[in-house]
Amino acid sequence: MKPIRKQRLILIVLMLGVLGLAATFALKAFNENLMYFFSTSDVAAGKAPANSQFRLGGMVVKGSVERPNADLLVRFKLSDFEKEVTVEYSGILPDLFREGQGIVAKGALDGRGVFVAEEVLAKHDENYMPPEVAGSLKKPAAQP
């Protein structure tokens, strides 16, 4: 093999290696920044990741909102009309947050199985429900 051809071949192999490494880093960064959505039934069934953040959606259960201390901690339950998950949030809730409405919260499960939210998003008018929540809600069958 001629020396020039050998140098070109080495250069091409190095370039492919660098491109492969760059693609690997890009895909890893993309995967780490994905935020999956789970319903309360999914969380109760153990389908949600235990060690990473995700979005949880559902309806705020009426009568479940409590403020145990004088600080900003709020505890409430979310439901998809089948299962409930306890949520804790320390911060100022959106003005439109109230019982009986659909919300989406971003956070992670703690060791107790409680969803600790970093962010709570509420609907912006009475006709709107986040699409993720609307899709995950399972209406109970009519009782005779």
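Me: How many aromatic pairs does the structure hold?

Reply: Rings of Phe, Tyr and Trp (its six-membered ring) pair if their centres lie within 6.5 Å; planes under 30 degrees apart count as stacked, over 60 as edge-to-face and the rest as tilted. By this criterion, the number of aromatic pairs in the structure is 3.

Me: On what basis is the model described?

Reply: This is a predicted model, in which local features need pLDDT of at least 70, side-chain atom pairs count only at pLDDT 80 or more, and totals for chains, interfaces and linings use all residues. Residues are numbered from 1 along each chain as its sequence is written, and side-chain values use heavy atoms, with hydrogens and water left out. The score pLDDT is the predictor's confidence in each residue, from 0 to 100. At least 70 is reached by 84% of the residues, and the chain average is 84.

Me: How many residues apart in sequence are the parts tied together by the pair of Phe38 and Phe54?

Reply: Phe38 and Phe54 form an edge-to-face pair, with 5.2 Å centre to centre and 85° between the planes. Helices (H or I, at least four residues) and strands (E, at least two) are DSSP runs, numbered from the N terminus. Phe38 lies in strand E1 (residues 37–39) and Phe54 in strand E2 (residues 54–60), so the parts tied together are apart in sequence by 16 residues.

Me: Is Phe54 buried or exposed?

Reply: Buried means under 20% relative accessible area, exposed over 50%, and partly exposed in between (1.4 Å probe, protein chains only). Phe54 has a relative accessibility of 0%, and therefore it counts as buried.

Me: Which strand holds Phe115, the partner of Phe54 in an aromatic pair?

Reply: The pair of Phe54 and Phe115 is tilted, at 5.1 Å centre to centre and 55° between the planes. It ties together parts that are 61 residues apart in sequence, because Phe54 lies in strand E2 and Phe115, at residues 115–122, in strand E6.

Me: Which residue has its backbone nitrogen 3.1 Å from a polar atom of the side chain of Ser64?

Reply: Ser64 lies in the loop between E2 and strand E3 (73–79), and it is buried, with a relative accessible area of 12%. The backbone nitrogen at 3.1 Å from a polar atom of the Ser64 side chain belongs to Lys77.

Me: Where in the chain is confidence lowest?

Reply: Confidence is highest in strand E4 (residues 84–90), at a mean of 95. Where pLDDT is low, the predicted coordinates should not be read in detail. The lowest mean, 67, belongs to residues 131–136, which form helix H3.

How values were computed:
Polar contact = N/O pair within 3.5 Å; in protein donor to acceptor, adjacent residues only side chain to side chain.
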